[in-house]
Amino acid sequence: LDEVVRITTKARDNLRSMGVAVAAGSIPQTGEPTFELADDELEIGMGLHGEPGVSRGKMMAADPLVEQMMERILGDDLSFESGDEVCLSINSLGSTTMMELLIVNRKVRQLLRDKNVMVYDSVIGSFVTCQEMAGFSISLLKLDEELKKYYDLPAECFGFVKR
């Protein structure tokens, strides 16, 4: 058990993630939105269940939005250096389409390439969602040889399969 705690703590400490909402999700039981957001607004850093984010602003194009999010993800508390390898996850928060996620992926990869950070693997899809929520999250796991070994193992659970 100590080894499980050690490796999951290491993975957690090397993971950075941020989401953005452009429309609130709803609770199935009530049909009520989890938070209020004007049609021309977005919220960066919000929680999946409506927890407040780090900033709210006017709607913008995908590229500058991704740039703002990546500035925070690549921030000072975990350095991403030239030559680092990462696993990338682009997650739909519920109603964001695959085409929109691929637009985000394109920009994230460009920004990582500009920093000479290599994408070891990526997963794109709907993994953690809220009914009707429009938006996405970007997650980066900074790898070392040990984390890469565990990442490469097969995994199968209700919402995710990797062989």
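Is Y151 buried or exposed? In this predicted model, Y151 is buried, with a relative accessible area of 19%. The value falls on the buried side because the cut-off is under 20%.

Aromatic pairing was examined next. The count comes to two aromatic pairs. One of them joins Y120 and Y151. Their ring centres lie 6.4 Å apart. Their planes meet at 75°, so this pair is edge-to-face; the angle required is over 60 degrees. The pair links distant parts of the chain. Y120 belongs to strand β5 (residues 118–125), while Y151 belongs to helix α4 (residues 145–151). The two residues are 31 residues apart. Y120 has a relative accessibility of 31% and therefore counts as partly exposed.

F127 and F160 also form an edge-to-face pair. Here the ring centres are 5.8 Å apart, and the planes stand at 75°. F127 lies in the loop between β5 and β6 (134–142). F160 lies in strand β8 (residues 160–162). The pair therefore ties together parts that are 33 residues apart in sequence.

Lysine charges over aromatic rings complete the picture. The charged end of K162 sits over the ring of Y151, 4.5 Å from the ring centre. Y151 thus takes part in the edge-to-face pair with Y120 and also lies under the charged end of K162. The charged end of K142 sits over the ring of F80, at 5.9 Å from the ring centre.

Technical notes:
Residues numbered from 1 in each chain as written. Predicted model: local features only at pLDDT ≥ 70, side-chain atom pairs only at ≥ 80, totals over all residues. Heavy atoms only, no water. Phe/Tyr/Trp six-rings, centres within 6.5 Å; stacked < 30°, edge-to-face > 60°. Helix = DSSP H or I, 4+ residues; strand = E, 2+ residues; numbered from the N terminus. Buried < 20%, exposed > 50% of the residue type's maximum accessible area, 1.4 Å probe, protein only. Lys NZ or Arg CZ within 6 Å of the ring centre and 35° of its normal.
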